[in-house]
Amino acid sequence: MRIARTFQTAPAAVPKENTAKYLDSALAAEGFQAPDWLVPDIEDGTAPDMKAEGLENVLDRLEGGVGFAGEIWPRVQWAYDDASLRERGEEEITTLLEAVGEELAGVVVPKVGRVEDVERARDVVARAEADAGLPEGSVELSVIVETAGARLDLREIAQLGAGPDGTDGAGRLAGMIFGPVDYTAELGGRAIDGDRPRWDGLLEALSNEASANGIVAIGGPFDKLFEERAGVRFYNAEAYADQIEREAAVGLDGSWSLYPKQTVQANHVHMPTTRELERDVSKIERFNAAKEEGTGAVTVDGQMVDEATFKNFANTVETVRTIHAKHPGQTGDVYDDALLERALELDTDWHR
Amino acid sequence: MRIARTFQTAPAAVPKENTAKYLDSALAAEGFQAPDWLVPDIEDGTAPDMKAEGLENVLDRLEGGVGFAGEIWPRVQWAYDDASLRERGEEEITTLLEAVGEELAGVVVPKVGRVEDVERARDVVARAEADAGLPEGSVELSVIVETAGARLDLREIAQLGAGPDGTDGAGRLAGMIFGPVDYTAELGGRAIDGDRPRWDGLLEALSNEASANGIVAIGGPFDKLFEERAGVRFYNAEAYADQIEREAAVGLDGSWSLYPKQTVQANHVHMPTTRELERDVSKIERFNAAKEEGTGAVTVDGQMVDEATFKNFANTVETVRTIHAKHPGQTGDVYDDALLERALELDTDWHR
Amino acid sequence: MRIARTFQTAPAAVPKENTAKYLDSALAAEGFQAPDWLVPDIEDGTAPDMKAEGLENVLDRLEGGVGFAGEIWPRVQWAYDDASLRERGEEEITTLLEAVGEELAGVVVPKVGRVEDVERARDVVARAEADAGLPEGSVELSVIVETAGARLDLREIAQLGAGPDGTDGAGRLAGMIFGPVDYTAELGGRAIDGDRPRWDGLLEALSNEASANGIVAIGGPFDKLFEERAGVRFYNAEAYADQIEREAAVGLDGSWSLYPKQTVQANHVHMPTTRELERDVSKIERFNAAKEEGTGAVTVDGQMVDEATFKNFANTVETVRTIHAKHPGQTGDVYDDALLERALELDTDWHR
C-alpha cells in the first residue's frame, strides 16, 4: 500500500551557511510535518551555480542510509526541448543511483514532452539502475506534467504505469504531478488579476488516467504562502486548504507542499477521516461476522458485499495502517484509541 | 424520433408486501410523471437477496405486453472487473430477452470498463437476441459511464453507436448515462463538505461524443430528494432543477430520475419551450410559403434555410409530435391549442 | 512573429447603399480599432441573396493591393455535412486565390467536421493556390471549431498545423477558432436563462492543442454588444472584457471581434502590459550584460537563463516590435517612450 498525501519539495542547496538547511529540516520533520514523499530539488529550487553542491548535499545526506519514514524522490534537471538539460539530468540520475540508489523510491523528471520523451526518461532510469547493480524495477519514475505535449499524450503517458499486459501499477511510471506555472507559460496563458486558471479539465484527466493505470496523481504547488491584512501577516491556511480539498474531491492522491505547514494540511486532508474509518471498519466487522455464520452472499447495510466493494473498505483500513506504521504520532492524534485498535486488529483478507 | 428526457430507475424488488411496488407505480404513472425511459433496476436498486424476485417481477409485469407509452430498459448486473457479476448479467439478459424481449427497447449495462468490455456486453446482447429469435438489432444497449476505463475510452465506446460505415445511430449502442457515485469512488475522489465534484469536463465530453455518433447522453442521479429547513422537510426541487438545467445546457438529452417529482421536472426541462416551438413552427411555415412562391434559395429572418437548418427547425417539431403521440396530456398542458395544432399540421418534409 | 490578437469579422455585403460599408470601414480602421486579422465574411455574415455581391466586394476592394497593416482572411461557405455548400466554398476559394491570392494570409473555413474534412479543405486551398500560380504554402488555412466531429478529432486536426516531421507551425493549418453558437446547437445544448455554457473544457483543449503544434487559437464571438439599464443603453464593455480576459488567461492568442470597440478591447488585452514588457526587457538587458562579462551560466533574479527561458523574454519583446511595426500608434499609446526605445534597440539574438 503506497501513500502519497504530500509531495514536499526541498531545495537541495541554498545560499545559507548550511546549504542543505531545508533538506536537513525536511529529513528531520516530525509528526504531521513529515511528508510522505520528500523531493530534494536539484532543478528549479536550486540556483544554477549551486547545482553541483545540491547534488553533493543529497548524496551526503542519504549515503549510508537515513532514518526517514517516507519515500525519497529527488527531482533532477530535464526538458523535452533542451538536449543539454537532458544530458545533465542523465548524469544526475546516474550519479544518484550509483551512490544512493537503495535509499530512493525513484526520481522525479520535470518538463517532459510527448510520450516518446517520457519513454526516454524511463530508459535512462532503467539503464542507470542496471549500471548501479540495483534490482530491476526498484527505482521508479514520476513526471511533472507541465507542457502542451505531455497534456496532449496524457493517456499514453499514464499507460507507462501499467505493465506490458496492462497490469495496474506494474510499469516503471509511478506518479504524475501537475506543474501549473510552466504549463500556463507554455500555453501562453497569463495570470490576469494575479490568478492563474485552475485547469479543472486537466485535473479531471490527471485523476482519471492515473486511476485507470494504478498510479499516483498529485496537484501543483501553491506559492502564496503568506497573506497580509490590516497590518498583520499570516500563513495563508484557507486558500491552500481550498485548493487541496478540491484536489482530494476529484481523486488526486496527494498535494504538492512547499512548506511544513502545507505538509501538515495536506497530510490531514488526504487521510481518511474518523467518520470514514469508523464506517469502513464497522462494515468489515459486520461482513466478517456474517460470513462466519455462513449464509452465502453477504449484505451489509443493504449493499451486497462482493470482492470489489470489500476492497474499497479494506483500502481505507490499509491506508490508515500504512500511515500508522510510518507515523504512529499522526494516527494517534487523529483517531481515538479504540477505533484505531479495531482498525489494526481487523481481518482484511477477503480470501481467508 | 427518439425521446429520452427521463431515465427513471425503479427497484425491481423491495422488501414490502408488494415487492414490485415501485415498478408497478412507475408503469402506471400518468401525465408528466410518466418517464420516457423506465429502467427496472435489478442491479444496485435491488437488494442482493431479492435479485431473483426482482427479475421475476420484471418478467411477470412485462409478459404478454404492457400498455406503457415509453421505452423499457432493465438494468442488469455487470462489472468490468468481476467475472461472476458478468456471468449473472449474461444470464439476466438471456432470460429477459427470451421471455419479454419484444417489450424491451434494450438493456442497461453498468460498470463497464474499457471499450473491449463494452464490446463484450454488446456481443452478449446480440447472442441473446439471436437465441430468443428476435429481429437483429431490435434490442439495444445503453451503458453507465462510471469507471476510469470507460472515461478513458469514451471516444471509442461512443463510436459503437455508429454503424460500421459511420452512420449515426446505426450501431447497437443507443445511450451513455453518467454514474457519478461509482466514478468518484473509483478515482478515489471524496465528497468534501458533502458535495461531490460536478465533473464538468466529463459531461462536456459525454455530450460531444454522443452527438458525434447519433446516440443519447443522460446525466447522473441526484439523491438528496428532500431538504429540511426551520423544521420543515420539503422536496428539493431547486437543487435538482439546477442540475438538470445544467445538463440540458450542455446538450444532454435527458436526466436521471429517482422519484416521480424528479420525472416531472426532467420531462419539462428537456422539452421544447413554448417560445422554442413557436419560433421553429413559424420558421417552417414561412419557409414553406416562400418555397411555394418558387424564388430559389429561401431566406427566413435573414438566414438562408438549407437542409441542415431546416432539419433543426423540424427537429423541434418532431420532438413535440413524438411527445404528443405518447403523452397528449403533457403537450396539452404546456402549449396552447392553436400552437400545438400548427405544429401537428405542418409539412416538415424538406424533399416534398 | 505572428500576431492574432483580434479576429474581426466584417460582412462582405449588407443591404445598404454601399453594400461594402462594413468591409470598407474595417479596412480603413485606425489605431486600436485596426484588427490583426480582418475576416471579410461571405458565410453567415452575408445574406444568401447577397453572396455573389459579397464575393465581388472582396475582390474589388483587394484587387491591386490595399494598404492594410494586418492579415486578410476571408471566410467562405462550407459544411462537413453539405456537399453543395462545400462546392460553393471551393468556387469561392478558387476565385479569391485567382484574383487576389497575393493579398490574402489565408482563408477561414467554417463548420468543418472530422479530420478528413479538414484535410479536404486543406487540399482545396492547395489546389487553388497551385492553379493561381501562387508560391506553395503562401495561402494558409484556419478553421472554425463548431461541430462535434471537429471537437472529437481536435488533436488530429491541430496536428495539421505541424510539418510532416512535426515542426511547429510548418503545416498549412494556421489557426483554430471556436464557434460556440453552432457548437451548442449541434450538441443539442440550450441557452438556459439566456446564457450558453462556457465550454471551459473545450477552450483548455483548444489552447493546448494549438500550443503543441505552433498554431493560433482564438475564442468565440460575443454578440450582446449593448446592454440597457435604467433607461440608458450602453456598450457592454465589462462582459466582453470578462470573456476575453478568460481567453487570455488560458492561453488563447486572440479573441473574436464583431465591432470596432471590441477590437479595441481585444487588441489591448492580448498585448503585453507595460509591466510585462518592462520585466522582460530588463531581464534581457541584464542577461546580455552578464554574458558580456563572460561568467559561464548566467543567472538573472536567481533564475538560470537557458535558451528556452531567453526565448520567453524575447517573445514579449518581439510581439511588441511586431505590433509597433504595424501599428506604431498602439505601442506609442500604451508604453512610455523610454521603455519602447529600450525594447526596440535590445539585442534579442541568443546566438550572437
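Copies here are superposed by least squares on the C-alpha atoms of residues with pLDDT of at least 70 in both. Done this way, chain A lands on chain B with a rotation of 120 degrees and 0.0 Å of shift along the axis, at an RMSD of 0.0 Å. The two copies are thus related as by a three-fold rotation axis. In chain A, the C-alpha nearest that axis belongs to A:Gly201, 3.1 Å away.

A word on the model itself: it is predicted, so local features need pLDDT of at least 70 and side-chain atom pairs count only at pLDDT 80 or more, while totals for chains, interfaces and linings use all residues. Residues are numbered from 1 along each chain as its sequence is written, and chains are lettered from A and ligands numbered from 1 in the order in which they are written.

Now to where chains A and B meet. Counting a contact when C-beta atoms, placed from the backbone, lie within 7 Å, 23 residues of chain A touch 24 residues of chain B. On the chain A side, two or more residues each come from α8 (200-213), α9 (237-249) and α12 (307-326); helices are DSSP runs (H or I, at least four residues) numbered from the N terminus. The top contributor is α8(A), with eight residues. Just 9% of the interface residues of chain A are also interface residues in chain B, so the copies meet through different surfaces.

Chain C goes onto chain A in like fashion: a rotation of 120 degrees, 0.0 Å of shift along the axis and an RMSD of 0.0 Å. Within chain C, C:Gly201 comes closest to the rotation axis, its C-alpha at 3.1 Å.

Definitions and conventions:
Contact = placed C-beta atoms within 7 Å.
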